[in-house]
Amino acid sequence: IYNLQEHNDELHVMVPQELLQSFSGDQSILYGASAMLRWMHDHRTPRRQFRLPWKMLFMGFRGFDWERCLTTNTLGGESPFTPDFSEPMPFFKNISDQVLYLQRGVGKLANTAEPLRSPVAILWSPWNDYISRLSRPGGRDVDGQTSEKFPFSGSWLYNTSYDFGAHHDCLALLKSLRIRGTFVAPEDVINGDLEKRGFKALMLPYSKGMSLEEAAAIRKFVKNGGLVIADNTPGIYSRFGRGLEESRLADLFPDMGRTSVISVGKGHAAYVHEQICGYLKRMEACDRKGSDEVAS
C-alpha cells in the first residue's frame, strides 16, 4: 500500500489497509511502501526513524519496501547506502535496527498477534463508490440539494485510494473513541453475518445506494436488538444509482435533517446529521464535534 507521504499518515492514510484487513480476516500480509526519501516525513529525524517500523506494525503491515530514490544525479547513489555501498546511511541504520529488534523478543510476539476489534461493523458498498463519483460535483440529497457535500471516496489517487471520504471520517471518529471496527459488504449483511459474527452496531457513513434485500436485512438487525448509526441520507438510491421517491430506510430514519434516535423492536436507529461526515477535518482543528454525539 502506497502511503507515508505526509505527517501522521496512520490517520491520513488508513482506509485501504483497513479494507484489506477486514475482508481478508486479518490473515493477509500487507506491505507499506516507504517511497522516496525526500518526500518522507518519517525519515527526517532520528525519533521518527525509530518510530517508523513500529508505526507500520500497528497499522497492520508486516513489512515495507524501500523504493529506489535520489539516484543518478545526486550524491548518495542508492539512497540507503553511501555512494560505494560500503555502509548504510545513518537514517537507514536507525530504521534497520528497529526492524531487527521487531524480529525478536516482544516485537516478534507483536508481529504475530491478532488485532483487537470492537463488535462494530462499517458497511462498504462498491456501488456507493460509483454513485459518489457520478454525483460529483452535483448530487441528490434528501432535501433536494444538488451538491455532493460529503463524497464517499475521493483522493488524488482516484483509481486506487479511498481515503478522505465519508468512510475515512468514520474511521477517524471511531479511532477517537478507541474503537476499531470491521468493514462488511452488502452480501455479509444480507447473509446474516452481522448476527453470526456478533456485531452489536452497524455504521452507515455513506449508504445512499441500497438494494431491497440489504435494507430488509438492516431492518431485521435493528429489530433483533442491533444498533445502526447513519449519516449521509442512506437508501435514497437503488444500488444501480436510480433516485427513489423515498429512502428505503425511511422507517429507521424518518427525519434525516437532524440528529435523532428512535427505538425499533429491541434495537435502536440513530441518524447523526453531519456528525460523521467531515469529522477528520474538524478533529485536526481540535473540534471533536461528532464523536461525542456518536458515543452518546
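Start by selecting Gln17, which lies in helix H2 (residues 15-23). Helices here are DSSP runs of H or I with at least four residues, strands are DSSP runs of E with at least two, and both are numbered from the N terminus. Gln17 counts as buried, because its relative accessibility is 2%. Buried means under 20% relative accessible area, exposed over 50%, and partly exposed in between, with a 1.4 Å probe and protein chains only.

A note on what is on screen. This is a predicted model, in which local features need pLDDT of at least 70 and side-chain atom pairs count only at pLDDT 80 or more, while totals for chains, interfaces and linings use all residues. Residues are numbered from 1 along each chain as its sequence is written, and side-chain values use heavy atoms, with hydrogens and water left out.

Zoom out to the whole protein. It has 12 helices and 8 strands. Of its 296 residues, 50% count as buried.

Next, colour the sheet. It is an open sheet of 6 strands with mixed pairing, in the order E4-E3-E5-E6-E8-E7. The edge strands are E4 and E7 (260-264), each pairing on one side only. Two strands pair if DSSP finds at least two bridges between them. From one strand to the next, the twist averages 25 degrees.

Select strand E3 (residues 120-123). Val120 and Ile122 on one side are buried, and so are Ala121 and Leu123 on the other. E3 and E5 (residues 201-204) run parallel, joined by 3 bridges. Look for Met203 in E5, opposite Ile122. E3 and E4 (residues 182-184) also run parallel, with 3 bridges. Here Ala121 stands opposite Thr182. Ile122 has Phe183 as its bridge partner in E4.

Show helix H7 (residues 166-176) as well. H7 packs on the sheet and touches E3, E4 and E5, and its direction makes about 165 degrees with that of E3. Contact means heavy atoms within 4.5 Å. Axes are lines fitted to C-alpha atoms, for helices over the stretch in contact, and angles run from 0 to 180 degrees between N-to-C directions.

Move to helix H4 (residues 90-102). Its 13 residues reach 19 Å from first C-alpha to last, close to the 18 Å expected at 1.5 Å a residue. The expected span is 1.5 Å times one less than the number of residues. Which residues of H4 are buried? Select Phe91, Phe92, Asn94, Ile95, Gln98 and Leu102. Seen down the axis of H4, they fall within an arc of 160 degrees, so they line one face of the helix. The arc is that of the directions from the helix axis to the C-beta atoms. These buried residues pack against helix H3 (46-58), strand E2 (63-65) and helix H5 (105-112).

Last stop: Phe58, found in helix H3. Is Phe58 buried or exposed? Phe58 is exposed, with a relative accessible area of 60%.
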